[in-house]
Amino acid sequence: YKRIQIARETILPEEEVKEYFNNNRKFFSSHDEMNIREIIVDDEKNALSIMEQLSNGADFTKLAAKHSLRKSSADNSGELGYSPVTRYGQLKDTLWNAPLNKVIGPLQIAGMYCVFDVIGKKESQLMNFEEVNTEVEILAKFEKQKEMYVGYLENLKKENKVVVKELVLGNIVVKKYSDKSV
């Protein structure tokens with residue numbers, strides 16, 4: 001009951017919300033993103049052939065359109081567009097640390113062979129207050145409510161003597177009733 005009451009009664013002035021934002025800036029940023037081109041084929045021989053063609057100056061986009069098994073990337077000349085680095089799972093560090101416009105591969109992933117080209121990177125940026133003010137307000141309010149609730153409990157402890165009898169608690173037996181008429 002008290003938590004609900006505190007939640008209803010908590011009103012934060014904008015100055016406190018901005019203070020919370022300023023004290024927690026590192027949590028309000030965009031994600032690292034990268035733009036990748038890919039060619040996915042079903043066997044190593046094809047992947048090695050594509051790598052050789054690329055090393056001889058072939059156009060990655062044309063090879064992707066012709067050979068890639070993933071239709072969405074083949075239709076877009078291999079380009080996946082910017083997306084968070086986390087999208088790439090175990091490959092995220094390999095791809096993020098790769099130099100721009102340098103072909104990587106072939107890498108075997110889930111029975112397929114992949115050739116990648118990192119064509120763009122965007123490092124995370126701190127967001128400004130206007131971009132995240134609703135989220136900041138929710139988080140600041142939650143922190144304030146938690147602080148108020150802990151204060152309420154501390155006051156209860158001071159005003160009332162609470163004794164926990166560990167020995168008695170240890171001897172409690174809980175029975176589960178199977179009587180469905182209850």
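**Reading helix packing, the sheet and the loops**

Mentor: Helix α1 (residues 2-9) packs against helix α7 (residues 129-159) at an angle of about 135°, and their axes are 10 Å apart. Please keep in mind that this is a predicted model.

Trainee: How is such a pair of helices to be described in general?

Mentor: Two packed helices are described by the angle between their axes and by the distance between those axes. In the present case, an angle over 145 degrees would be needed for roughly antiparallel, and α1 and α7 are therefore oblique to each other. The crossing of α1 and α7 is right-handed.

Trainee: Which residues of α1 and α7 make the contact?

Mentor: On the α1 side they are Lys 2, Arg 3, Ile 6 and Ala 7, and on the α7 side Lys 141, Gln 145, Met 148, Tyr 149 and Tyr 152. By class, the contact of α1 with α7 comprises 5 nonpolar, 1 polar and 3 charged residues.

Trainee: What is the angle at which the axes of α3 and α4 cross?

Mentor: The axes of helix α3 (residues 44-55) and helix α4 (residues 60-67) cross at roughly 155° and come within 10 Å. That angle makes α3 roughly antiparallel to α4. The crossing of α3 and α4 is right-handed. Ile 50, Gln 53 and Leu 54 of α3 meet Phe 60, Leu 63 and His 67 of α4. This contact of α3 with α4 has 4 nonpolar and 2 polar residues, and no charged ones.

Trainee: Let us turn to the sheet. In what order do the strands lie?

Mentor: The order is β2-β1-β4-β3, an open sheet of 4 strands with antiparallel pairing. β2 (79-84) and β3 (103-109) each have a single partner strand, so these two stand at the edges and one side of each lacks a neighbour in the sheet. On average, neighbouring strands of this sheet are turned by 35° against each other, direction ignored.

Trainee: How many bridges join β3 and β4?

Mentor: β3 and strand β4 (residues 112-122) pair in the antiparallel sense over 5 bridges. Ile 104 stands opposite Phe 116 in β4, and Tyr 113 in β4 is the bridge partner of Gln 108. The two strands β3 and β4 form a hairpin with 2 residues between them, and Ala 110 in the turn has a positive phi of about 50°. Pro 106 also belongs to β3, and the peptide bond from Gly 105 to Pro 106 is cis, with omega near -5°.

Trainee: How exposed are Ser 77 and Asn 101?

Mentor: Ser 77 counts as partly exposed at 29% relative accessibility, whereas Asn 101 is exposed, with a relative accessible area of 56%.

Trainee: Is Phe 21 buried or exposed?

Mentor: The cut-off for buried is under 20% relative accessible area, and Phe 21, at 4%, is therefore buried. Phe 21 belongs to helix α2 (residues 14-23). Leaving aside residues up to four places away in sequence, Phe 21 touches Phe 28, Met 127, Asn 128, Phe 129, Val 132 and Val 136. Phe 21 and Glu 137 are 116 residues apart in sequence, and 8.6 Å apart in space from C-alpha to C-alpha.

Notes:
Residues numbered from 1 in each chain as written. Predicted model: local features only at pLDDT ≥ 70, side-chain atom pairs only at ≥ 80, totals over all residues. Heavy atoms only, no water. Axes fitted to C-alpha atoms, helices over the stretch in contact; angles between N-to-C directions. Parallel < 35°, antiparallel > 145°, perpendicular 65-115°, else oblique. Left-handed = near helix turned anticlockwise from the far one by under 90°. Contact = heavy atoms within 4.5 Å. Nonpolar A, V, L, I, M, F, W, Y, C, P; charged D, E, K, R; others polar. Pairing = 2+ DSSP bridges. Buried < 20%, exposed > 50% of the residue type's maximum accessible area, 1.4 Å probe, protein only.
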